[in-house]
Amino acid sequence: MTPPSQQVLAPCPGRVVAMADVPDPVFAEEMVGPGVAIEPAPGPTTVVAPIAGTVLKVLPHAFVVLGDGVGVLVHLGINTVRLEGEGFEVLATQGSEVAAGDPMIAWDPAALPATAGGQDVSPVVPVVLMDGAKGSVTSDAIGGTVAAGDLLFATP
């Protein structure tokens, strides 16, 4: 039985871009899963849960929420793991239940360094449907701007 379609909301404000435009082949080629990405608006922001569910994993630069059999990964920036948590404030607790829109991580994408550990750093935020079929996510939001909590895409 197929789970019902679920709305995935924007975890932060910014301009929505296609996953293929993310400057990291692991995301761009949907190896982690399909989705879209957000070029975040500059300035301090609180990234929120895109769906309701259980916080499966929370790291300073990324988190996964599992709800109704659907896992959504939000990854704050590219190569930001190399910052070892610097510039990120984790607001959520692993294993806790969250509602869509609950605060997860605070950061300032404009404050990221250009490089870390010899790698280019990008503030782009992939929002990934874990275990989704490649190419299965479409979004009318691509090319436009969203506020946190706006509809990003619905699960297939």
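**Strands and their partners**

Modeller: Happy to! Keep in mind that this is a predicted model. Let's begin with β8 and strand β10 (residues 103-107), which pair in the antiparallel sense over three bridges.

Colleague: What makes β8 and β10 a pair?

Modeller: Pairing asks for at least two bridges between two strands. β8 and β10 have three bridges, so they count as paired under that cut-off of at least two. Within this pairing, Phe88 stands opposite Trp107 in β10.

Colleague: Which strands are the edge strands of this sheet, and why are they called that?

Modeller: The sheet is open, with three strands in the order β4-β10-β8 and antiparallel pairing. β4 (45-48) and β8 (88-90) are its edge strands, as each pairs on one side only. On average, neighbouring strands here are turned by 25° against each other, direction ignored.

Colleague: How do you know that β2 pairs with β14, given two bridges?

Modeller: The cut-off is at least two bridges, and β2 and strand β14 (residues 145-146) have two, in the antiparallel sense. Strand β2 (residues 14-18) also pairs with strand β3 (residues 35-40), over five bridges. Gly14 takes part in both: its bridge partner in β3 is Pro40, and it stands opposite Val146 in β14.

Colleague: What about the protein chain as a whole: why does its radius of gyration agree with a compact globule?

Modeller: For 156 residues, a compact globule would have a radius of gyration near 15 Å, and the protein chain has 14 Å, so the two agree. As for burial, 47% of the 156 residues count as buried, meaning under 20% relative accessible area.

Key. Residues numbered from 1 in each chain as written. Predicted model: local features only at pLDDT ≥ 70, side-chain atom pairs only at ≥ 80, totals over all residues. Heavy atoms only, no water. Helix = DSSP H or I, 4+ residues; strand = E, 2+ residues; numbered from the N terminus. Axes fitted to C-alpha atoms, helices over the stretch in contact; angles between N-to-C directions. Rg over C-alpha atoms; globule rule 2.2 N^0.38 Å. Buried < 20%, exposed > 50% of the residue type's maximum accessible area, 1.4 Å probe, protein only.
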